[in-house]
Amino acid sequence: RTVPGVYLHAAAIDAVLRNQLTRINPKALQVALAVVAVFAAAWVGFLVSPWVGLLVTMTGVFVLHVVASMLLANLYWMPTALVGVCMLASMSISYAFRYLFVDGQKRHIRRSFSTYISPRLVQKFLDTGEEPKLGGEEKDITVMFADLSGFTKMSEEVDTEVLVTLT
């Protein structure tokens with residue numbers, strides 16, 4: 001509004017005469033960039049926590065913007081706003097999918113079995129992907145039952161470490 005129209009027309013004519021027109025990124029290159037960026041953001045969403053994923057994705061959007069700004073300084077325009085929004089959306093959707101389906105199964109296993117078996121064994125199931133089976137396992141073991149005279153009274157008076165060493 002502050003620049004009279006005649007000056008805008010003169011600047012446009014001058015750019016055409018000096019062959020300083022901005023070239024636009026080809027559609028195929030725009031699509032390829034968007035596909036790579038969106039899949040990278042989705043991959044990040046599957047691998048890391050949501051805050052780290054958001055930080056990594058926002059860093060990627062910022063780097064993309066800086067590259068686009070440097071290209072625009074050389075009269076080459078690469079639109080990046082839609083790509084940035086799609087990156088954030090794909091990271092969010094992939095993390096939500098991971099939370100609901102992949103981590104949901106782990107939460108269900110942990111919730112179901114942690115009251116009945118040791119947390120270490122539950123973590124083993126989660127790490128290995130092994131399905132817990134009902135019925136237990138058959139193993140050859142040796143069990144010793146012993147009655148030590150005066151042990152109960154001694155255990156009330158002696159430190160635990162001394163008691164274990166004595167036993």
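Helix H4 provides the largest share of a nonpolar surface patch, namely five residues. Helices here are DSSP runs of H or I with at least four residues, numbered from the N terminus. What you see is a predicted model, in which local features need pLDDT of at least 70 and side-chain atom pairs count only at pLDDT 80 or more, while totals for chains, interfaces and linings use all residues. Residues are numbered from 1 along each chain as its sequence is written, and side-chain values use heavy atoms, leaving out hydrogens and water.

The patch consists of Trp 43, Phe 46, Leu 47, Phe 97, Tyr 99, Leu 100, Phe 101 and Val 102, with about 860 Å² of accessible area together. Its members have over 30% relative accessible area and no salt bridge, and their nonpolar side chains are joined within 5 Å. A salt bridge would be a Lys or Arg side-chain nitrogen within 4 Å of an Asp or Glu carboxyl oxygen. Areas follow the Shrake-Rupley method with a 1.4 Å probe, and only the protein chains shown count as cover. Helices H2 (27-47) and H4 (81-113) each supply at least two patch residues.

Buried means under 20% relative accessible area, exposed over 50%, and partly exposed in between.

| Residue | Relative accessible area | Class |
|---|---|---|
| Phe 97 | 41% | partly exposed |
| Thr 152 | 54% | exposed |

Phe 97 lies in helix H4, and Thr 152 in helix H6 (residues 151-157). The C-alpha atoms of Thr 152 and Glu 137 are separated by 33 Å, with the two residues 15 apart along the chain.

Conventions
Patches are made of residues with over 30% relative accessible area and no salt bridge: like charges are joined within 9 Å, nonpolar side chains (Val, Leu, Ile, Met, Phe, Trp, Tyr) within 5 Å. Buried means under 20% relative accessible area, exposed over 50%, partly exposed in between (1.4 Å probe, protein chains only).
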